[in-house]
Amino acid sequence: ERLTILEIAGVGGLIIGLWLVRQPRAAGAATLPALLTGVTIAAYSAVDSEGVHAAAPWLYGFIVWSVTAAMLAVAVPVARTLARADSPSGAGDGEEIVVRSSPTLMQAAVVGLLMTSTYLLILVALRLAPLAIVSPLRESAIVLVTLWGVWKLNERDQVWLRLGGAAMIAAGAALVALG
């Protein structure tokens, strides 16, 4: 894949903006899982890019969601069994895991629809544009999360630096789109 100078500048702006929004700190035990998360995201982005060139984005997405649903159908009962076995009151007593704040069916449906739609849009973008452009833009939701954190969650620590980073991400995304 080859990027124009404008696209390279845009990717650079996205990276700088992401760094400004959430500056790295000594994470200790969280460092390895964070690095593994980054490697995993890079890997599945590359797989997605290849997948949408082998099949239509909607078909590839359907296959990915079907495999994920099958894995969850196995993993959830196993996780519940393990959670019961680790409960202080002992295994097999019928104790259920308590969820303090369960979403309503409507909330869950809306979130599921938004997640599915977003993923399909990413797959279409990967079909139309190089991975090197789509992948950084995929992480640009940080802008929305930053604004939400400042506005609704009153996260005011280094607010101007974080808002500046969000602006840099938006500017980088614009440069990538214009390139």
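Contact here means heavy atoms within 4.5 Å. This is a predicted model in which local features need pLDDT of at least 70 and side-chain atom pairs count only at pLDDT 80 or more, while totals for chains, interfaces and linings use all residues. Residues are numbered from 1 along each chain as its sequence is written, and side-chain values use heavy atoms, leaving out hydrogens and water.

View 1. Helices (H or I, at least four residues) and strands (E, at least two) are DSSP runs, numbered from the N terminus. Follow the sequence and you will read α-α-α-α-α-α-α. Of contacts between residues at least 6 apart in sequence, 77% link residues at least 24 apart.

**View 2. Of the 179 residues, 21% are buried.** Buried means under 20% relative accessible area (1.4 Å probe, protein chains only). The protein exposes about 12,300 Å², with 73% of that supplied by carbon and sulfur atoms. The areas come from the Shrake-Rupley method with a 1.4 Å probe.

**View 3. Helix α6 (residues 142-151) packs against helix α7 (residues 159-178).** Their axes lie 9 Å apart, at an angle of about 155 degrees. Axes are lines fitted to C-alpha atoms over the stretch in contact, and angles run from 0 to 180 degrees between N-to-C directions. The two helices, α6 and α7, are therefore roughly antiparallel (angles over 145 degrees).

**View 4. Here is where α6 and α7 meet.**

Conventions. Buried < 20%, exposed > 50% of the residue type's maximum accessible area, 1.4 Å probe, protein only. Parallel < 35°, antiparallel > 145°, perpendicular 65-115°, else oblique.
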